[in-house]
Structure formats: structure tokens, C-alpha cells
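We will walk through it stop by stop.

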Amino acid sequence: YRGILDALKPDKGDVYYLFVEKDADISRYRGKFKVVPFKSNNAFTRNFFELTSFCYKYDLDVLHTLHYVPFNSPCPVVCTINDISFEHEKNKTNGNKIEYLKNKLMTPYCAKHADKVVTVSNISRRDIANTYDVSQKKIEVVGNAVSSEFRIMDDDELDELDVRGKYDIGYSPFLLCVGDTRSEKNILRLIDAYIMYKDRWDTNIRLVIVGNDDLYDDLYEEYS
């Protein structure tokens with residue numbers, strides 16, 4: 001979300017308020033937004049009560065939130081729901097019953113009561129619409145994009161880094177996945193799909209997964 005804030009170019013003449021946790025580092029945004037810290041450390045209080053008071057206090061034309069919609073808002077609300085993978089997990093609590101129950105209660109409310117929903121793919125759009133019985137017309141797809149920090153390297157840079165050799169990738173084509181083993185990243189299903197693809201098409205394409213320090217141990221335990 002830092003990437004979204006960095007890339008956002010405020011329209012001339014408009015004022016953009018950024019509501020943040022009170023201990024958040026917001027030095028990079030002070031010249032771009034009017035930064036307003038929440039008073040409460042409780043996420044429920046912030047999202048459902050303080051946001052409402054902010055809407056009135058700052059006379060907002062529109063409020064953009066993530067996953068949660070205030071119970072009462074005087075202005076239209078746009079809400080981003082990246083996906084609802086938690087609805088389809090075999091282990092519903094996934095080791096965090098409170099987080100699951102929070103999502104189970106609040107995400108459907110968000111989908112139904114937001115004036116507009118933003119999600120990251122057409123699959124998520126259909127999933128949200130079908131699961132929560134809302135019209136696809138109110139859901140807009142805005143695909144993820146990479147930061148401008150990513151670029152195509154020239155041959156000399158690639159030779160110097162020798163990433164393929166360093167990580168024993170070889171010189172075959174490869175699929176790259178960047179993520180960790182949290183359930184919503186769906187790494188295990190990705191590997192299963194890759195194995196099925198390899199078996200069916202007998203291709204030499206590789207699968208390269210980049211993740212956190214625990215990723216290798218988790219995958220080795222699952223597939224050894």
C-alpha cells in the first residue's frame with residue numbers, strides 16, 4: 001500500500017487526508033497528504049467509529065478503506081478487498097480463530113455496504129460477487145503492478161549477479177512466484193498445479209519461489 005500512496009498523484013485543488021495509526025512512520029507523505037493519526041490502538045474502534053467521526057469532521061467527499069466499511073458514513077465509501085481466500089480454506093481458522101471470525105463478519109458487510117468495491121483480478125471479482133451475492137457491476141478490477149524500482153537489467157549486470165548460477169536455476173525458462181507460506185498466498189496449490197502441468201506437458205520449465213526464511217522448511221516438510 002506504500003506503493004499505491006507513492007504512485008497516487010492528487011488532483012490539483014483537491015485535499016487528500018491520510019488516516020494512519022498514531023505510531024506509523026509517515027514522514028514520506030507529509031507533503032502529499034494531510035496526515036491524521038487515529039487516537040485508538042484498537043482496530044475495531046478505528047475502523048468503525050473513528051473513521052465515521054473523521055468523515056464528518058473533514059467533510060469528506062469519498063472515503064477509501066481496506067476490507068472494512070464504517071457502520072455509518074455520510075459520504076460514499078470505496079473499499080478494497082484483495083481477495084476472500086479465507087472463505088475457501090480447508091482449515092477455516094488457520095491457527096488464528098479471531099482473525100478468521102473478524103474477516104467472516106466484516107468482509108461480507110463491506111462487500112454489501114460499500115458504494116464501490118475494488119479488487120485485484122477478475123477471478124476475485126467473480127468470487128466476491130458470487131459468495132456475497134452482490135452485483136459484479138459495483139466491483140472494479142485494478143490489477144497489481146510492480147514498483148518502478150524493478151527494471152530490466154542489461155547483460156553485463158545479469159552476468160555479474162549470476163542469479164541463475166547462484167541459485168541453481170539453470171538456463172531453462174522459469175515461472176517466478178514471490179510470497180510466503182501464509183494460506184492466502186496458496187503456495188501449496190501452486191506447486192500442485194505446477195506438478196500437474198509438468199506431468200501433462202513434459203516441459204522443462206522451472207518453478208522458482210522466493211519467500212521468507214521459513215518457506216523452504218515448510219515446503220520441504222510438505223513435499224519430502
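What volume does the second largest pocket have? It comes to about 960 Å³, and since this is a predicted model, please read every value on the tour as computed from predicted coordinates.

**Stop 1: the second largest pocket**

Select V163, I169, F174, L176 and V208. Of the 24 residues that line the second largest pocket, these five lie nearest its centre. Now colour by secondary structure: helix 5 (155-161), helix 6 (163-166), strand 7 (174-178) and strand 8 (206-210) are the elements that each give two or more residues to the lining. Which of them gives the most? That is strand 8, with five residues. Switch to colouring by residue type, and the lining of this pocket divides into 17 nonpolar and seven charged residues, with no polar ones.

**Stop 2**

Next, show the surface and select M153, L158, L161, V163 and Y167. Together they make a nonpolar surface patch of about 460 Å². Click on L161, which is found in helix 5. Its relative accessible area is 44%, so L161 counts as partly exposed.

**Stop 3: salt bridges**

Side chains of opposite charge can pair when their charged atoms come close. How many salt bridges does a search of the whole structure find? It finds five, and we will visit some of them.

Begin with R28 and D6, whose side chains meet in a salt bridge at 2.7 Å, N to O. R28 sits in the loop between strand 1 (17-20) and strand 2 (34-37), while D6 belongs to helix 1 (residues 2-7), so this pair ties together parts that are 22 residues apart in sequence. D6 is partly exposed, with a relative accessible area of 39%.

Now select R46 and E21, which form a salt bridge at 3.6 Å, N to O. Here helix 2 (residues 43-57) supplies R46 and the loop between strand 1 and strand 2 supplies E21, so parts 25 residues apart in sequence are tied together. Is R46 buried or exposed? With a relative accessible area of 11%, R46 is buried, whereas E21, at 49%, is partly exposed.

For one further bridge, select E157 and R151; their side chains meet at 3.0 Å, N to O. E157 counts as partly exposed at 25% relative accessibility, and R151 counts as exposed at 54%.

**Stop 4: the loop at K22**

Go back to the loop between strand 1 and strand 2 and pick K22. This lysine is partly exposed, at 42% relative accessibility.

**Stop 5: two positive phi angles**

Finish with the backbone. Select H67, in the loop between strand 3 (63-66) and strand 4 (77-80). Its phi is near 75 degrees, a positive value in a residue other than glycine. H67 is partly exposed, with a relative accessible area of 22%.

Then move to D168, in the loop between helix 6 and strand 7. What is its phi? The angle is near 55 degrees, again positive in a residue other than glycine. At 61% relative accessibility, D168 counts as exposed.

Conventions. Residues are numbered from 1 along each chain as its sequence is written. This is a predicted model: local features need pLDDT of at least 70, side-chain atom pairs count only at pLDDT 80 or more; totals for chains, interfaces and linings use all residues. Side-chain values use heavy atoms; hydrogens and water are left out. On a 1 Å grid over the protein atoms alone, a cavity is a set of points where a 1.4 Å probe fits but cannot get out, and a pocket is an open set with protein on both sides within 12 Å along at least five of seven lines; lining residues have an atom within 4 Å of a point. Grid points are joined across faces, edges and corners, and a volume is the space filled by probe spheres set on the points. Helices (H or I, at least four residues) and strands (E, at least two) are DSSP runs, numbered from the N terminus. Ala, Val, Leu, Ile, Met, Phe, Trp, Tyr, Cys and Pro count as nonpolar, Asp, Glu, Lys and Arg as charged, and the others, Gly among them, as polar. Patches are made of residues with over 30% relative accessible area and no salt bridge: like charges are joined within 9 Å, nonpolar side chains (Val, Leu, Ile, Met, Phe, Trp, Tyr) within 5 Å. Accessible areas come from the Shrake-Rupley method with a 1.4 Å probe; for residues, only the protein chains shown count as cover. A salt bridge is a side-chain nitrogen of Lys or Arg within 4 Å of a carboxyl oxygen of Asp or Glu. Buried means under 20% relative accessible area, exposed over 50%, partly exposed in between (1.4 Å probe, protein chains only).
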